[in-house]
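Take a look at the model below.

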Amino acid sequence: MSHWVRARLAEKNKDEDEAEREYRAAIQASHGGARAWLNLAGFYRHTGRVDAMEQALLMLETTPLDHPGALVDGASILIRSGHDPALATRLLHRYLDSANTVEEAPVFKAHLLMGEIYEKQADRARAAEQYRAALALAHTYRPAQEALRRVS
């Protein structure tokens, strides 16, 4: 955690080299933990280093799941930035297939994100299926309701 705090302070002080060193030190200290890789990916996204962001997010596919919600957050970063939908799909599948889902990354949100991927690929049927899965878990989840209307 101390490395993450130092990285954030370095970012705030516009010292990108120090911030990157601290994010990487956090990865080492966490033995390659998912949250640490996600934090590095977020840093790269904010600094416009999209290729490095994607490389950091690739690590979430195989890294120990010390923080399972990082998979959903990583997929969200990819979807929002419009990069590598295949990786986003794999991260979401890894999360949904695991027994380690967490409240901070609700399963219905993962289904919504999966639906968004399919919708962007013009696969309305699969998108609708994912939105319905989200609504089966959270009947009043407005983003899934609106998304389902959009693709229906």
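Which helix gives the largest share of the lining of the largest pocket? Helix 3 does, with 3 residues. This is a predicted model: local features need pLDDT of at least 70, side-chain atom pairs count only at pLDDT 80 or more, and totals for chains, interfaces and linings use all residues. Numbering runs from 1 along each chain as its sequence is written, and side-chain values use heavy atoms, without hydrogens and water.

The largest pocket holds about 180 Å³ of space. Its lining includes Met-1, Trp-4, Arg-35 and Asp-66. Helix 1, helix 2 (16-29) and helix 3 (34-46) each give two or more residues to that lining. Helices here are DSSP runs (H or I, at least four residues), numbered from the N terminus. A pocket is an open set of points on a 1 Å grid where a 1.4 Å probe fits, with protein on both sides within 12 Å along at least five of seven lines; lining residues have an atom within 4 Å of a point. The volume is the space filled by probe spheres set on the points.

Met-1 also belongs to the surface story. Met-1 sits in the segment before helix 1 (2-12). Its relative accessible area is 74%, so Met-1 is exposed (over 50%; buried means under 20%, with a 1.4 Å probe and protein chains only).

Now the contrast. His-111 lies in helix 7 (residues 107-120). His-111 counts as buried because its relative accessible area is 15%. Beyond residues up to four places away in sequence, His-111 touches Leu-96, Gln-130, Ala-133, Ala-134 and Leu-137 (contact means heavy atoms within 4.5 Å).
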